[in-house]
Amino acid sequence: MVVLSQPIVDNLAQFKTCKPAPDIFSGIPVVDLSDPNAKARVVEACREFGFFKLINHGVSMELFNLLEAEAVKFFKLPQQEKEKSGPPNPFGYGNKRIGPNGDVGWVEYLLFSTTNSHNPNPIFPGIPQTLWCLVNEYVSAVRNMGCEVLEMIADELQMGAKDALSRLIRDENSDSCFRLNHYPPCPELQALSGRNLIGFGEHTDPQIISVLRSNNTSGLQICLKDGSWVSVPSDHTSFYINVGDSLQVMSNGRFRSVKHRVLADSLKSRVSMIYFGGPGLSEKIRPLSSVMEDGEESLYKEFTWSEYKKSAYKSRLGDNRLSLFEKSAAQ
């Protein structure tokens, strides 16, 4: 039996834990971007899970590897050096604290804005030029791939304009961002009586679409419709696509914004990179008439992305942010 010293116990006490992780879930939908039936498979996955794995995506593995290597190099710097790029406001380097409202996790991260002409904007010091350049190149490639997925959705749902969704994140005023997460190994986990340490607590993403890629360390979990949590198999060669809150609204609830979380590992570090595709601040978010049937009632009030973003940043990580914008049955 491993006995932890009191300082270690006190340090871990600030973090949430959960029951042991279930076995890797084999039911995650897999969409081959080169498949002639990819559009239908994407829509089906968005309806059932709000989440799917994307293969044959066309993004360079070399770019994956270069960016991951530069990210690892940054996160290995002395803590004092990394903190020159923080604290996050909201962009920059963050450690343990997630957002301004008291959420914490076993994670450190870099958050970049990609708003200005979609180029990551060096608004904080301490980031090597090589990392900036690779982030810029990676974001460009992943945004294009995300737009291709959104255009498949628009086509399959017969939205009329192929770019009904993709134009929102292609626009130069798109309020998108990019995040590099590092979950350090936590050897003390072995003494937590079989509990798992939360690296990043359960939440949904507020944007339209999120595009995730990680190294081969597992830890990501999603919540199924029945409320059960399942572990997602790691695959550093593929992407995972999340439906965000905004897309759930625009589909009038047909697609579900998937709740997800990340668990820490006792021996291996996890590195993930996520592109969050969001609309412009003044863009109005509402159910699209082109996807609704005759006589179908809107489930959500209309709001601007700026209004929703401000509301989201005032909330805790696990809050149901969309509940404030849902129409009541009486309406």
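Colleague: Where is the place of K84 in the chain?

Modeller: In this predicted model, K84 sits in the loop that runs between helix 4 (79-82) and strand 4 (92-98).

Colleague: Why is K84 called partly exposed?

Modeller: The relative accessible area of K84 is 47%. Buried would require a value under 20% and exposed a value over 50%, so K84, at 47%, is partly exposed.

Colleague: What makes the approach of K84 and E81 a polar contact?

Modeller: Their side chains are joined at 3.1 Å. The cut-off for such a pair of N or O atoms is within 3.5 Å, and therefore the 3.1 Å pair of K84 and E81 qualifies.

Colleague: How do you know that strand 1 and strand 7 pair?

Modeller: Strand 1 and strand 7 (residues 196-203) share two bridges in the antiparallel sense. Pairing asks for at least two bridges, so these strands meet the condition. T17 stands opposite L197 of strand 7.

Colleague: In what order do the five strands of the open sheet lie, and what stands at the edges?

Modeller: The order is 1-7-12-9-10, with antiparallel pairing. Strand 1 (17-18) and strand 10 (229-231) stand at the edges, because each has a single partner strand, which leaves one side of each without a neighbour in the sheet.

Colleague: How much space lies in the largest pocket, and which residues are closest to its centre?

Modeller: The largest pocket holds about 790 Å³. Its lining has 39 residues, and I98, R179, F200, Y313 and L317 are the closest to the centre. By class, the lining comprises 19 nonpolar, twelve polar and eight charged residues.

Definitions and conventions:
Residues are numbered from 1 along each chain as its sequence is written. This is a predicted model: local features need pLDDT of at least 70, side-chain atom pairs count only at pLDDT 80 or more; totals for chains, interfaces and linings use all residues. Side-chain values use heavy atoms; hydrogens and water are left out. Helices (H or I, at least four residues) and strands (E, at least two) are DSSP runs, numbered from the N terminus. Buried means under 20% relative accessible area, exposed over 50%, partly exposed in between (1.4 Å probe, protein chains only). A polar contact is a pair of N or O atoms within 3.5 Å; within protein, one must be able to donate a hydrogen and the other to accept it, and residues adjacent in sequence count only if both atoms are side-chain atoms. On a 1 Å grid over the protein atoms alone, a cavity is a set of points where a 1.4 Å probe fits but cannot get out, and a pocket is an open set with protein on both sides within 12 Å along at least five of seven lines; lining residues have an atom within 4 Å of a point. Grid points are joined across faces, edges and corners, and a volume is the space filled by probe spheres set on the points. Ala, Val, Leu, Ile, Met, Phe, Trp, Tyr, Cys and Pro count as nonpolar, Asp, Glu, Lys and Arg as charged, and the others, Gly among them, as polar.
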